[in-house]
Each structure stands twice: as structure tokens, then as C-alpha cells.
Amino acid sequence: MSRPTARKMDSGFVAWLRRDLLLAYRRRGEVASPVVFFMMVSTLIPLGLTPEAAQLEKVAAGMIWIMALLATLLSVDGLFASDYHDGSLEQMLITPQLLPLPILGKVTAHWLTTGLPLTLVSPLLGLMLSLPSAGYLPLICSLALGTACLSLVGAVGAALTVSLRKGGLLLSLLVMPLYMPVIIFGTATVNSAVDGLNWLPPLAILGALFAASVALCPLAAAGALRVTASN
Amino acid sequence: MNWLSNKLSAGPSNESPSWQWFYRLGSPRWFYLRSGQWLPWLSLAALLVLATGLVWGLAFAPEDAKQGNSFRIIYIHVPAAFLAQSGYFIMAIAGAIGLIWKMKISYMVMKAAAPIGALLTFVALFTGAVWGKPTWGAYWVWDARITSMLILLFLYAGVMALQYAYHSVDAASKASAILALVGTVNIPIINKSVDWWYTLHQPATIKLTSAPSMHMDMFMPLLVMIVGFYLFYAVALILHTRNEILRRERKTSWVRELVTAKAGG
């Protein structure tokens with residue numbers, strides 16, 4: 001019954017990805033809430049700032065990015081929480097697989113259920129906030145890459161706070177400073193496209209941030225879970 | 001003090017002598033007693049260097065051609081900003097040593113470093129704001145370096161918040177060590193941000209690779225102040241660490257003996 005090691009390592013990733021996607025499918029209401037939050041806050045912006053298109057288009061890219069960041073932050077809190085409470089996190093910790101791979105699977109599921117939907121509805125928000133037409137493709141590309149970074153970094157924060165009773169607020173405190181490079185280059189991508197500049201360089205840096213987070217964040221989250229889940 | 005040295009020498013005897021200091025350093029008691037001997041000298045040195053630098057910088061250094069006397073706040077601002085950033089590395093390295101070698105003392109150093117670093121970051125931001133008013137006409141300007149100092153303050157705040165969130169000392173130490181290491185990844189980005197979107201601030205004045213762009217008469221007191229701040233930082237760190245040692249080791253016999261000896265005589 002012994003399977004090759006590569007397959008074993010792979011099954012840790014795929015098994016947790018499938019499990020989390022299945023769980024998300026069964027709790028569709030919960031999955032929808034970050035997207036609904038994203039849409040609702042966007043109605044506050046014209047109400048709070050101004051309904052004038054000329055002014056909205058200046059802040060559109062930044063606002064969409066900030067809302068995406070907050071929506072991710074709200075949802076990343078639950079990444080390990082339910083697993084911690086029902087004991088399946090313990091199971092994950094004692095499996096012989098390399099811990100970062102199941103974590104990467106869970107984070108991928110998180111991105112597929114929050115980051116990807118946010119990316120997909122973002123053109124609609126761009127339309128409502130009168131984002132100039134040059135900004136749509138950069139917005140979608142940067143959000144797709146950027147929300148993946150946000151999920152990965154958020155996983156470290158979620159792992160650090162999983163056993164705390166009121167971890168949610170602390171989590172945002174820990175993770176928000178780490179999110180700042182992502183938001184800088186995310187908005188820079190969209191804004192340079194709107195200004196008619198080359199928007200690929202900031203997107204490339206966002207890609208570099210993504211590559212670094214894929215490599216490092218699961219490791220950090222694994223280390224953090226080993227510390228926090230046993231306390 | 002003979003009974004002390006006898007007890008101290010009972011360390012891991014099979015280790016080579018060149019590493020013994022490292023293992024001894026890991027013992028909170030050794031650190032507490034030894035740092036007590038260093039502390040007066042270190043404090044005296046810090047006091048002397050800081051006094052020299054302050055008097056030199058504030059009274060004798062030449063006036064700036066454009067900014068007049070208001071530039072003199074640089075003698076507080078720059079050393080504080082320097083130490084705020086190095087302090088984060090010191091904290092993260094202490095945390096890493098704790099995670100790797102499982103040294104109790106380094107977790108205590110890490111915990112002690114966080115509030116000192118946060119305070120220095122605040123001092124750097126505050127003096128920057130005071131300096132900004134006469135120079136730029138505004139207390140707060142969203143420029144790269146100010147923003148990255150603010151992010152640094154948030155990073156410190158995160159480590160401190162996580163430290164206090166756990167009841168278990170072990171979990172608090174390890175979790176905040178991991179967070180400090182994750183935050184270290186952010187620090188190069190903070191430094192790079194000076195190059196990325198440099199806007200209003202002066203470019204970095206002290207470069208280690210090239211000659212200083214400041215005049216020597218202005219630069220020397222600054223150097224003295226930076227050394228002074230490092231010494232002050234060391235004193236503050238040792239004092240905080242000693243407090244933490246006494247708090248965490250309060251149930252051990254040597255702390256009790258120390259306290260009763262102090263109370264008795």
C-alpha cells in the first residue's frame with residue numbers, strides 16, 4: 001500500500017483543498033458574506049465622499065483595494081478557527097505529511113472562496129465608482145495576485161491567533177502592517193494604467209510578493225500552528 | 001560572592017570552553033548577576049557619550065545654512081530612527097535564537113526589546129513631526145520614510161499585543177518570535193521604500209558606502225549621539241531584561257535568596 005512520496009505530499013495539499021472547498025460549498029451563506037461586504041461598503045463611498053464621477057474615479061482604485069483588503073481580513077479569521085474547535089486541526093498537525101502543504105491547500109481554498117469572487121465582482125464596483133476604462137484589466141490582474149498574497153499572509157496571522165478567544169481584532173492588528181506593500185503595488189498597478197503608464201512593473205512586483213509569500217507563509221503558519229494549537 | 005561562583009561553574013562540563021560562555025549566557029541567573037556588574041559602567045558610558053553629543057550638537061555644531069537652528073533636532077531624530085530600526089532586528093534575532101536554541105533568556109530579551117523599540121519609533125516620529133513644521137510647514141506629511149516608521153510602530157505594537165494576549169509564557173514567547181521574524185521580512189521593504197517613492201523627505205543622510213553628505217562639523221556630533229543612543233539602548237534593554245528575569249524566575253531559590261538578602265541588609 002506504500003505510495004510514492006511525491007504523491008503522498010501532493011495528497012496532503014489536494015485532500016485539504018477538496019475538504020475545505022466542500023465545507024465552503026455546504027456553507028454557501030458564509031462564503032457569500034465577504035463579497036456582500038465588499039459590495040455594501042462600496043455604496044458607502046459615494047454617500048460619504050461625493051457622488052460626482054470626476055472625484056470618484058480618482059479614488060476608485062484605492063477604495064476597491066482597501067475594501068478587498070478588509071473583506072479578506074474579515075474572512076481570514078475563520079481559516080483555522082473551526083478546525084481548531086472541532087479538533088481536525090490536531091489531526092492535521094499529527095499527520096505524517098509536511099505541514100506547509102495542507103496549509104497551502106487550505107489557503108488555496110480560502111483564496112478560491114474569497115479572493116477569486118472579490119476579483120470577479122471588482123469590475124462591477126469599478127463601474128459603480130466610475131473607474132476609467134483603462135483600469136479594468138489591471139484591476140482584475142492585480143486583485144487576483146494581490147488577494148492571494150493577502151490570504152497567504154493572513155494565514156500566518158490566523159495561525160498565530162487561532163487559540164485566542166478574541167483573536168479577530170488582534171489578527172487584523174498583526175497582519176495589517178504586513179499588507180501594506182501589497183496595497184501599495186496593487187493600487188500602483190491600477191493607477192499607472194489609468195495615468196497611461198506601463199502598469200506591468202508594479203504588477204511584476206506584486207507577482208514577486210506573491211512568490212515570496214507562497215514560499216514563506218505556509219512555513220511560518222506551520223511553525224505558528226505548532227506553537228499555538230497546543231496551548 | 002564565593003558561593004555564587006561555585007554554583008555558576010557547575011555548567012555543562014563536557015562542552016568545549018570556547019562555547020561555555022554561550023551556554024552560560026543562556027542561564028537567566030548568570031545573566032542577571034553578570035549584567036549587574038556591567039550596568040554601572042555601561043550607564044556611566046551612556047551618560048557621558050550622550051552628554052558630550054548633546055552639548056556638542058546643540059551648542060557647538062555650526063548652524064545650518066537653510067534651516068538655521070531648527071536642524072539641531074536631527075541629533076535626537078536620526079539616532080532614534082536608527083535605533084528604532086535596529087531594535088526590531090535585535091528583537092527578531094533574540095526571538096530566532098530562542099526558537100532555535102530554546103534559550104529562555106533570549107525570549108526575555110525579545111520581550112524587553114519590544115516596548116523600548118516602540119518608544120524609540122514614537123520618539124523618531126514625534127521629533128520628525130516637530131522638525132517638519134518649520135521645514136515643510138506641516139506636522140505630518142505622508143512621505144515614504146514617515147509612513148514606513150509608522151508601519152514599524154504598528155509592527156512593534158503587533159508583537160507587544162501578541163505577547164500580552166497569551167497567558168502561557170511559552171506560547172507568548174514563541175508566537176511573538178515568529179511574528180517578529182515575519183515582520184523582519186517587511187523591514188527591507190521599509191528601507192527600499194525610501195528609494196521607491198521618495199517624495200518630500202531628505203534622502204538618507206548617512207550612507208555607509210559613501211562619504212557623508214553632511215559637513216564634518218555637523219556629522220561628528222551626530223555620530224557621537226548615535227553611539228550614545230546605542231549605549232542607552234543597551235542599558236535600557238538590560239534593565240528591562242533584568243526585570244523580566246526576576247518576574248519569570250520569581251519562584252526559583254536564587255531570586256528568593258536575592259530578595260531576602262536585599263531586604264535583610
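Biologist: What pLDDT does chain B average?
Modeller: Chain B averages a pLDDT of 82, and 85% of the residues score at least 70. pLDDT is the predictor's confidence in each residue, on a scale from 0 to 100. This is a predicted model, where local features need pLDDT of at least 70 and side-chain atom pairs count only at pLDDT 80 or more, while totals for chains, interfaces and linings use all residues. As for names, residues are numbered from 1 along each chain as its sequence is written, and chains are lettered from A and ligands numbered from 1 in the order in which they are written.

Biologist: Where does pLDDT stay under 50 in chain B?
Modeller: One stretch is residues 1-13 of chain B, where the model has 6 contacts beyond four places in sequence. Another is residues 207-211 of chain B, with 0 contacts of that kind. Two residues are in contact if their C-beta atoms, placed from the backbone, lie within 7 Å.

Biologist: Thanks! And what does the model score for ipTM and pTM?
Modeller: The ipTM is 0.88 and the pTM is 0.86.

Biologist: Let's look at how the chains meet. How many residues of chain B are in contact with chain A?
Modeller: On chain B there are 19, and they are in contact with 18 residues of chain A. Two elements of chain B give two or more residues to that side: α6 (144-165) and α7 (169-196). The largest share comes from α7(B), with 9 residues. Helices (H or I, at least four residues) and strands (E, at least two) are DSSP runs, numbered from the N terminus.

Biologist: What kinds of residues does chain B put on the side that touches chain A?
Modeller: That side divides into 15 nonpolar, 3 polar and 1 charged. Here Ala, Val, Leu, Ile, Met, Phe, Trp, Tyr, Cys and Pro count as nonpolar, Asp, Glu, Lys and Arg as charged, and the others, Gly among them, as polar.

Biologist: Back to chain B on its own. How many helices and strands does chain B have?
Modeller: Chain B has 9 helices and 0 strands. Of its 265 residues, 33% count as buried. A residue is buried if 20 or more other C-beta atoms lie within 10 Å of its own, exposed if 12 or fewer, and partly exposed in between, with C-beta atoms placed from the backbone.

Biologist: Where does helix α3 of chain B bend?
Modeller: Helix α3 (residues 28-60) of chain B bends by about 35° at Trp38(B), and a proline, Pro40(B), follows within four residues. The bend at a residue is the angle between axes fitted to the seven residues ending there and the seven starting there. In α3(B), the buried residues include Phe31(B), Ala46(B) and Gly53(B).

Biologist: And Lys102(B), is that residue buried or exposed?
Modeller: Lys102(B) counts as exposed because it has 11 C-beta neighbours inside 10 Å. Lys102(B) sits in the loop between α4 (74-101) and α5 (104-136) of chain B. Its phi is near 55°, a positive value in a residue other than glycine.

Biologist: Over to chain A. What is its secondary structure?
Modeller: Chain A comes to 9 helices and 0 strands. Its radius of gyration is 18 Å, close to the 17 Å that the globule rule gives for 231 residues, so chain A is as compact as a globular protein of that length. The radius is taken over C-alpha atoms, and the rule is 2.2 Å times the number of residues to the power 0.38. Of the 231 residues of chain A, 48% count as buried. Among contacts in chain A between residues at least 6 apart in sequence, 82% join residues at least 24 apart.

Biologist: Why does Ala68(A) count as buried?
Modeller: Because Ala68(A) has 29 C-beta neighbours inside 10 Å. Ala68(A) belongs to helix α3 (residues 53-76) of chain A. Leaving out residues up to four places away in sequence, Ala68(A) touches Phe38(A), Leu118(A), Leu143(A) and Thr147(A).

Biologist: Last topic: where is the kink in α6(A)?
Modeller: The kink is about 40° and is centred on Trp111(A). α6(A) has 29 residues and reaches 40 Å from its first C-alpha to its last, close to the 42 Å expected at 1.5 Å a residue. That expected span is 1.5 Å times one less than the number of residues. Just after α6(A), Ser130(A) takes a positive phi of about 45°.

Biologist: Where is Ser130(A) found?
Modeller: Ser130(A) is in the loop between α6 (100-128) and α7 (136-161) of chain A. With 16 C-beta neighbours inside 10 Å, Ser130(A) counts as partly exposed.
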